[in-house]
Amino acid sequence: MRVLVIEDDEEMAATVATGLRHAGLAVDVALDGAAGLERALGSDYDVVVLDRDLPGLHGDQVCGRLVAAGCRGRILMLTAAAAAEDLVDGLGLGADDYLPKPFDFPVLVARISALFRRAQPAIPPVLRGGDLVLDTARRGAWRAGRPLDLAPKEFGVLELLLAAAGRAVSAEELLERAWDENADPFTAAVKITVSRLRAKLGDPPLIETLPRAGYRITGQPVTGQPVAGQPVTRRS
């Protein structure tokens, strides 16, 4: 999942971005409304976390322009105001959700994840492919009941492959969706990550390489209920 954080407070922006990256998300940051609008319109973000009280180009204006431009990304608006009228105003501008400051970080992550699942086509909270189960809400993964210890990028790549429902996903698309804007387009990061995933998933192999097309999960993923047990603590 790729997220853009538009927040003028540098310390707050850095804290939010670091926390979201530890949660396994690819995060870019803009420190003012104009830069945030340009980035949001120029890249394909899944969720835009937008501070409403931006100087210069106000967050309301950024939100309105993104909606008018048909921006695909869901908009989560942050504000220091918690009054009901502010909530109504923010949602009335076209924001998809609204979170008052200060907020608990797990709540922010949960709201972002919920917005991502609401994107079209809808992505279920639990993804399956054969005996592989990925619980995106609890950030846990299992194969044949065996918990998998996945690093954030490994989890993100596996999530994208399962969500593709058998469609081949190119290395370029994986790099775009699971890494941030600083990723080198000529890097071997995707190939290395897929290789590590294959090793952790074990046999029989689940990730298939299609020449000139990319990667896909063998078999057809289906939705299901949350699995029993606790998700594994994953490395940052």
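User: How are α6 and α7 oriented to each other?
Analyst: This is a predicted model, in which local features need pLDDT of at least 70, side-chain atom pairs count only at pLDDT 80 or more, and totals for chains, interfaces and linings use all residues. Residues are numbered from 1 along each chain as its sequence is written, and side-chain values use heavy atoms, with hydrogens and water left out. The axes of α6 (residues 152-163) and α7 (residues 171-178) come within 10 Å and cross at roughly 125°; axes are lines fitted to C-alpha atoms, for helices over the stretch in contact, and angles run from 0 to 180 degrees between N-to-C directions. Angles under 35 degrees count as roughly parallel, over 145 as roughly antiparallel, 65 to 115 as roughly perpendicular and the rest as oblique, so α6 and α7 are oblique.

User: Which residues of α7 make the contact with α6?
Analyst: Helices (H or I, at least four residues) and strands (E, at least two) are DSSP runs, numbered from the N terminus, and contact means heavy atoms within 4.5 Å. From α6, the contact is made by Lys153, Val157, Leu160 and Leu161. From α7, the residues are Leu174, Arg177 and Ala178.

User: Which strands stand at the edges of the open sheet?
Analyst: The sheet has four strands in the order β6-β7-β8-β9, with antiparallel pairing; two strands pair if DSSP finds at least two bridges between them. Each edge strand has a single partner, so one side of each is left without a neighbour in the sheet. The edge strands are β6 (126-129) and β9 (146-147).

User: Which strands of the sheet does α6 touch?
Analyst: α6 packs on the sheet, and its direction makes about 110° with that of β7. The strands touched are β6, β7 and β8.

User: Is Ala144 buried or exposed?
Analyst: Ala144 is found in the loop between β8 and β9, and its phi is near 55°, a positive value in a residue other than glycine. Buried means under 20% relative accessible area, exposed over 50%, and partly exposed in between (1.4 Å probe, protein chains only). With a relative accessible area of 60%, Ala144 is therefore exposed.

User: Which residues does Gly202 contact, leaving aside neighbours within four places in sequence?
Analyst: Gly202 lies in the loop between α8 (189-201) and β10 (207-210). The C-alpha atoms of Gly202 and Arg143 are separated by 8.9 Å. With those neighbours left aside, Gly202 is in contact with Arg143 and Arg146.

User: What is omega for the cis peptide bond that joins Asp203 and Pro204?
Analyst: Pro204 is found in the loop between α8 and β10. The cis bond from Asp203 to Pro204 has an omega of about -5°.
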